[in-house]
Amino acid sequence: MNRLPWPAIGAVGLIALLAVFAPWLGLGNPVSMDVPHRLAAPSAAHWLGQDEFGRDVLTRLVWGARVSLSVAAAAAALACIIGTALGVMGGFLRGIAELLALRSIDVLLCFPPLLLALLVVTLLGPGATTLIPVLALVYLPGFTRVAYAGVLTARSQDYVEAMRVLGAGKVRIMLRTILPNIGGPILVQFSLAIAAAVVLESGLSFLGLGVVPPAPSWGLMIGSARATMAQAPLLLLWPCLALTLTILAMNALCDGLRDAVDPHPAYRPPAARLLEALAPGLLPTPKAVLDLQHLTVEITTPSGTIRPVRDVSLQVFPGETLAIVGESGSGKSVTSLAITGLLPGAARATQGAAWLAGTDLLRLPEPALRERRGASLAMVFQDPGSSLNPVHRIGDQIAEAITAHRSLSQAAAHREAIALLKRVGIPDPARRARAYPHELSGGQRQRVMIAIAIANGPRLLIADEPTTALDVTIQAQILDLLAELKRSTGLALLFITHSLPVVAEIADRVAVMYAGEIVETGPTAEVFLTPHHPYTAALLRSAPVEDGPPPEGIPGVVPPPLALPPGCTFAPRCPRRAPECEAAHPALLQTAPGRETRCIRWNAP
Amino acid sequence: MTWLLRRLGVSLALIWVVASVVFLAIHFVPGDPAELLLSQGGSAPDAAMVAELRTQLGLAQPLHVQYAQQMWRLLHFDLGRSMQDDSPVVDEITRRLPRTLELILAAALMAVTIGIPLGTAAAMRRGTWFDRVTSSIASLALAVPIFVVGTLMVMVFAQWLRWVPAGGFVAFTKDPVQHLVLLAMPAGAIGLGLSAVMFRMTRASVLDVMLKDYVRTARAKGVRRPRILICHVVRTALMPVITVLALYLGTLLGGTVLVEFVFNWPGLSGSLVSAVNARDYPQVVGIVLVISILFVGLNFAVDIIYGLLDPRVRR
């Protein structure tokens with residue numbers, strides 16, 4: 001639950017209180033006339049003046065709120081009860097009940113709301129008592145839909161299944177487990193319905209088809225003040241103002257409630273990409289294609305600043321594959337996004353440098369960075385299904401990557417796109433270029449993503465879990481393709497994965513990340529043979545090996561980013577933990593040529 | 001293609017159901033329509049007159065016969081005769097419907113040209129003063145009921161400034177300029193709220209699409225920002241916006257009642273209100289049916305447009 005919209009709740013509450021306590025506010029009778037003083041200007045006795053029958057305008061405004069709100073609330077409550085019941089029964093009982101509930105709602109939705117209201121008013125005749133069923137009917141479908149969708153999600157969840165297995169009756173399950181769970185969306189729908197019902201009620205009353213005179217209603221007051229608009233414009237303004245302010249407050253309440261109920265809170269707007277805190281004086285390592293030095297990324301969240309990547313340094317050399325391996329949340333993807341300048345809005349690199357061919361990408365302004373992205377620096381993402389635009393043909397999407405960096409005719413770019421499709425092993429490339437992403441298999445889509453990445457001959461290819469969304473045989477084909485491209489073009493590959501077998505297959509060197517830091521680096525074969533960090537060792541034991549011992553899980557969980565332990569971040573889960581591990585945060589230690597580990601007890605017995 | 005035919009079938013079935021529901025609603029309402037009609041003066045109706053009216057309205061026959069007759073007439077676009085002046089309901093509808101459609105289309109044009117560019121701009125500048133100001137104006141525009149906007153417009157532009165007449169209608173063929181002048185206020189009153197709806201939808205949708213993986217891919221390709229916006233963001237972001245616009249246009253088919261009333265615009269829904277007041281059943285049923293059929297047809301059109309924009313739907 002996010003923060004509740006208290007100002008809007010206060011405003012709506014105040015209006016509701018005025019309406020409820022109208023008879024006890026000492027306002028007098030809303031229908032008592034005083035014809036000699038018709039259209040009188042505001043005075044001490046009548047603060048807002050008198051209307052065309054000499055009735056006190058303030059009294060009628062407050063009483064009008066009472067009529068409008070009670071009609072709207074009653075209608076919304078009726079719609080809520082019947083609509084929710086229909087939706088819950090439809091979703092839970094399925095079968096014929098589902099069909100009847102949903103189809104009758106579909107038919108209701110065939111009528112524009114105001115038309116539906118007019119049709120019912122024709123049949124039942126105007127009046128405040130008719131208004132309640134009329135408005136209820138108009139807003140009923142919304143509740144049914146919300147309740148039905150909520151039940152469909154809830155009923156498939158484990159606890160509902162568990163209750164059924166335990167033998168709870170259907171009605172009991174509905175009341176005890178499902179209703180509280182769809183409460184949030186229903187509440188939002190309820191507030192929307194009341195606000196809309198106030199508008200519709202005043203509209204119908206304005207037309208003379210709602211509340212019957214002389215009872216006070218804002219719609220009626222506006223309607224009758226139209227006749228005397230020239231003599232008494234204020235008479236028109238007051239009810240307009242009252243109605244508009246009420247609806248404004250109610251809309252604000254609805255928006256606020258919707259945000260409060262929404263499980264995905266809105267992110268902060270994007271901040272500047274860089275802080276001045278970037279340490280000066282770092283120089284690139286010669287020969288390295290990518291030299292990442294002391295990268296730290298910060299994310300501002302409502303509950304504080306977290307650092308998902310801390311002091312990460314790594315180098316990738318030409319023709320080499322470096323794998324970053326780690327669990328979800330270890331910071332490996334964030335590292336790659338920081339290098340390419342594609343971090344989401346709330347995150348930014350605050351320290352370090354990322355040298356690519358002599359330029360620091362972290363300090364590069366966006367236009368210059370754009371020129372490098374897709375050219376010397378390319379990326380392949382995890383889910384090829386969502387990473388390709390569903391509404392463009394794949395040939396066009398490849399050609400777009402080409403024309404973004406080279407001035408080429410559309411036809412030439414398209415020819416090149418077909419050649420690239422052929423290069424990544426797509427059969428019948430000329431025909432496939434005209435396909436949409438949804439017409440390809442997952443493996444083919446990832447080949448398309450690779451074709452896009454190699455379109456401009458990159459020096460560095462960052463592949464962020466490129467095989468995770470694919471099944472094992474396709475995974476092997478994609479790995480072969482990447483290895484073959486690396487051999488034939490000499491590009492350097494930064495490969496991000498959580499899978500150790502994939503690392504073993506593709507990587508020359510490996511960097512193991514845990515909770516935002518590199519805990520071990522070294523040549524893949526050596527690290528796999530003699531891991532120096534207990535986390536690497538635990539990770540290796542957790543991977544299934546043919547003819548080896550059964551895999552072991554790692555006890556405990558990754559520490560939450562807002563509550564990192566003061567010493568070694570792995571200490572709480574470490575089987576080799578000693579008191580000094582929790583005392584100070586360990587630095588990376590060189591343990592052998594080309595090997596580093598962040599464990600002070602790496603060679604302890 | 002089969003997709004298209006299936007959608008067409010569903011739409012036709014819905015129209016049939018709507019016609020049946022309207023027919024049944026009239027017949028299951030408490031009280032005899034003929035009796036109700038004649039008792040409006042307050043005195044008890046004359047039995048002979050009730051019987052005559054029942055025969056005239058076809059109410060004396062069994063329900064299923066009436067239903068069959070009604071459906072048969074509907075198939076021939078015969079909606080009966082108005083009980084107010086005995087003129088064919090179809091004539092009244094064909095005369096007034098274009099005026100209502102004109103009002104709605106003018107408002108939609110205004111909403112699209114104001115709401116969509118401003119919504120996109122606000123999303124691109126999320127959190128800046130431009131975003132805050134435009135969003136606040138949209139919230140305000142959404143909170144003012146349409147008849148309040150209309151009434152206040154009459155007061156300001158007709159009563160005080162005397163720029164335009166308070167309302168009325170002149171045929172375009174008679175005086176094109178005056179026709180457009182009279183169109184401006186009612187269309188503007190509808191267009192204001194509709195622009196706010198379009199603005200909010202576009203803004204939310206663009207913000208949503210900008211977080212999509214394929215937009216990140218486009219950035220990773222090094223595509224320039226304006227091109228990303230036009231080719232990748234706006235095209236997909238507009239799909240839900242178009243749906244919402246169409247749905248709103250549908251609700252406007254009945255929802256212009258208030259504006260037509262305020263500005264004395266002789267459209268279809270105006271005659272619906274007078275028919276409701278006069279309990280003119282054939283007229284009410286005819287207009288409700290025509291509007292509902294248009295509403296269903298509009299939803300069908302939205303599905304087709306959606307299919308053209310998103311290749312995934314065409315299956």
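This is a predicted model: local features need pLDDT of at least 70, side-chain atom pairs count only at pLDDT 80 or more; totals for chains, interfaces and linings use all residues.
1. Three residues, A:Thr122, A:Leu123 and A:Glu400, together supply 11% of the area that chain A buries against chain B, more than any other three residues.

2. How much area do chain A and chain B bury between them? The value is about 5900 Å², and 71% of it lies on carbon and sulfur atoms.

3. Some of the links across the interface involve charged side chains. Between chain A and chain B the count is three salt bridges. One pair that forms a salt bridge is B:Lys221 and A:Glu400, whose closest N and O atoms are 2.9 Å apart. A:Glu400 is also one of the three residues named above for the area that chain A buries against chain B.

4. Polar contacts were counted as well. There are 17 residue pairs in polar contact between chain A and chain B, with both residues at pLDDT 80 or more.

5. Turning to chain A by itself, the domain assignment gives domain 1 (69-236) and domain 2 (290-597). The centres of domain 1 and domain 2 of chain A, taken over C-alpha atoms, are separated by 51 Å.

6. Chain A has an open sheet of four strands, in the order E2-E1-E4-E5, with antiparallel pairing. Why is one side of strand E2 (304-316) and of strand E5 (359-360) left without a neighbour in the sheet? Both strands stand at the edges and each has a single partner strand, so one side of each has no neighbour there.

7. Within the sheet, strand E1 (residues 290-301) of chain A and strand E4 (residues 347-356) of chain A pair in the antiparallel sense over eight bridges. As an example to find in the structure, A:Leu292 has A:Ala354 in E4(A) as its bridge partner.

8. Chain B is also split by the domain assignment, into domain 1 (10-78) and domain 2 (95-268). How far apart are the C-alpha centres of these two domains of chain B? They lie 39 Å apart.

9. The secondary structure of chain B consists of 13 helices and zero strands. Read along the sequence, chain B therefore gives a pattern made of α elements, α-α-α-α-α-α-α-α-α-α-α-α-α, where helices are DSSP runs. The C-alpha trace of chain B spans about 85 × 60 × 35 Å along its principal axes.

Technical notes:
Residues are numbered from 1 along each chain as its sequence is written. Chains are lettered from A and ligands numbered from 1 in the order in which they are written. Side-chain values use heavy atoms; hydrogens and water are left out. Buried area is the accessible area (1.4 Å probe) that two parts lose on being put together, summed over both. A salt bridge is a side-chain nitrogen of Lys or Arg within 4 Å of a carboxyl oxygen of Asp or Glu. A polar contact is a pair of N or O atoms within 3.5 Å; within protein, one must be able to donate a hydrogen and the other to accept it, and residues adjacent in sequence count only if both atoms are side-chain atoms. Domain bounds come from an automatic or database domain assignment. Two strands pair if DSSP finds at least two bridges between them. Helices (H or I, at least four residues) and strands (E, at least two) are DSSP runs, numbered from the N terminus.
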